[in-house]
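Please look over the sequence and the structure shown here before reading on.

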Amino acid sequence: MASDIDALATVADYQFGAGAGSALFDGEVVVQRTGSGRPQQILADGERVVSYGTDGRFTIGAAGGRRLQRALEPPAYRVVVGDDSEPFVRDGKNVFAKFVREVDPAVRPGDEVLVEHERGALLAVGRAELSADAMIDFDTGMAVKVRDGIETP
């Protein structure tokens, strides 16, 4: 089991940067497997931290988003929005380009991202649909497909 977590942590470090694996899989984590034995869901305290896709990449859950937010220095994997978007994004609605205030310049379409309020609160996790430049330049279009909105603490 420990070697499983070590291998998954290596994948997380590759996908999100050094330290992401130890942040995501810190403490007691439960690895749920497919019928064939492949890791599929990683849970902590009953919440989904990440799912491990058949493509070898992670998708982030709300618990994983909170862990990554603490571990990764801004602006890594962050899309920042203002007050006008906050209630909708927390409710699980997608982020549109016209509402993006800032974004990690390294974000590419398909990347897993954290959606933050400009004051730093984590609002949601999801998948970037546009590049960082496009999110800033475009006035229309979906910037982030939100997977999990995060309720007000």
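A residue is called buried when its relative accessible area is under 20%, exposed when it is over 50%, and partly exposed in between, with a 1.4 Å probe and protein chains only. By this criterion Phe 25 is buried, and Phe 58 is buried as well. The structure is a predicted model, in which local features need pLDDT of at least 70 and side-chain atom pairs count only at pLDDT 80 or more, whereas totals for chains, interfaces and linings use all residues. Residues are numbered from 1 along each chain as its sequence is written, and side-chain values use heavy atoms, with hydrogens and water left out.

**Aromatic pairs**

Rings of Phe, Tyr and Trp (its six-membered ring) are paired if their centres lie within 6.5 Å; planes under 30 degrees apart count as stacked, over 60 as edge-to-face and the rest as tilted. Searching the whole structure in this way gives three aromatic pairs, and two of them are set out in the table.

| Pair | Centre distance | Plane angle | Class |
|---|---|---|---|
| Phe 16 and Tyr 77 | 5.4 Å | 75° | edge-to-face |
| Phe 25 and Phe 58 | 5.8 Å | 55° | tilted |

Helices (H or I, at least four residues) and strands (E, at least two) are DSSP runs, numbered from the N terminus. Phe 16 belongs to helix α1 (residues 2-16) and Tyr 77 to the loop between α3 and β5 (78-81), so their pair ties together parts that are 61 residues apart in sequence. Both of these residues, Phe 16 and Tyr 77, are buried. Phe 25 lies in the loop between α2 (20-24) and β1, while Phe 58 is in strand β4, so this pair ties together parts that are 33 residues apart in sequence. Together with Tyr 52, Phe 25 and Phe 58 form one aromatic cluster.

**The sheets**

The chain has five helices and 10 strands. Two strands count as paired if DSSP finds at least two bridges between them. Strand β1 pairs with β2 (residues 39-44) in the antiparallel sense over four bridges; here Gln 32 stands opposite Gln 41, and Val 31 has Ile 42 as its bridge partner. The hairpin of β1 and β2 has five residues between the strands, and in it Gly 37 takes a positive phi near 95°.

Another open sheet is formed by six strands in the order β6-β10-β9-β8-β5-β7, with mixed pairing. Its edges are β6 (95-96) and β7 (100-103), each with a single partner strand, so one side of each is left without a neighbour in the sheet. Strand β6 runs antiparallel to β10 (residues 142-149), to which two bridges join it, and Phe 96 stands opposite Met 142 in β10.

**Overall dimensions**

The radius of gyration is taken over C-alpha atoms, and the globule rule is 2.2 Å times the number of residues to the power 0.38. For 153 residues, a compact globule would have a radius of gyration near 15 Å, and the chain, with 15 Å, agrees. Along the principal axes, the C-alpha atoms fill a box of roughly 45 × 30 × 30 Å. Of the 153 residues, 44% count as buried.
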